[in-house]
Amino acid sequence: MIKGSVEALDLVKLLQLLHDGGLTGRLRLALGGRRCQFLLHEGNLVACDASLAPIDPKVFEESLYDLLFTTQGFYAFRPKRKLKIDDSLPRLNTRSVLVEASTRKDEWERAATLFPSFKALILPRDRKAEA
């Protein structure tokens, strides 16, 4: 079992480690008041819920992006060599998900420097009124 806090090893690095190792098992997360779990098969994420029912891969991926850069919480990964995962369940390449998540994070950080408050209302200029 691999367990620890996201302060010591963040989720991006943890998923990279699990992907690079080609590990299969269940990753449980406790992040603030949220608890969730993910299955990995040979290092790739499996798009399913806790009951192993399939989830639309895009919906699954979007929900994962919200969690990846959480800075407080705990995780536990339990490897299972013979975890029975239906072949019909969609798999996501973990590395691709992490690259997209990092790109989004960088874009949000850049946007934060341009807009001091995300509550600001940005309106198009009325060029006719200016003339």
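This is a predicted model: local features need pLDDT of at least 70, side-chain atom pairs count only at pLDDT 80 or more; totals for chains, interfaces and linings use all residues.
Helices here are DSSP runs of H or I with at least four residues, strands are runs of E with at least two, and both are numbered from the N terminus. K58 and E61 form a salt bridge, with their closest N and O atoms 3.9 Å apart, and by salt bridge I mean a side-chain nitrogen of Lys or Arg within 4 Å of a carboxyl oxygen of Asp or Glu.

Residues are numbered from 1 along each chain as its sequence is written, and side-chain values use heavy atoms, with hydrogens and water left out.

Buried means under 20% relative accessible area, exposed means over 50%, and partly exposed lies in between, using a 1.4 Å probe and protein chains only.

Let me now step back to the whole chain. The protein chain has four helices and six strands, and from the N terminus on these elements follow the order β-α-β-β-β-α-β-β-α-α. Its radius of gyration is 19 Å, well over the 14 Å that the globule rule gives for 131 residues, so the chain is more spread out than a compact globule; the radius is taken over C-alpha atoms, and the rule is 2.2 Å times the number of residues to the power 0.38. Along its principal axes, the C-alpha trace spans about 70 × 35 × 25 Å. Of the 131 residues, 31% count as buried. If we take the contacts with a separation of 6 or more, residues 24 or more positions apart account for 69% of them, a contact being heavy atoms within 4.5 Å.

Turning to charge, the chain carries 21 positive and 17 negative side chains, and the centres of the two sets lie 6 Å apart. Lys and Arg count as positive and Asp and Glu as negative, with His and the chain ends not counted.

How many salt bridges does the rule give? The count comes to five, and one of them joins the side chains of D20 and R95, at 2.3 Å from N to O. D20 is exposed, with a relative accessible area of 53%, while R95 is partly exposed at 39%.

Staying with helix α3, E100 and R104 both lie there, four residues apart, about one turn of the helix. Their salt bridge has its closest N and O atoms 3.0 Å apart. E100 is partly exposed, with a relative accessible area of 30%, and R104 is partly exposed as well, at 29%. Salt bridges that share partners join E62, E100 and R104 into one network.

Finally, E109 is also found in helix α3, and at 43% relative accessibility it counts as partly exposed.

How values were computed
The place of a charge is taken as NZ of Lys, CZ of Arg, CG of Asp or CD of Glu.
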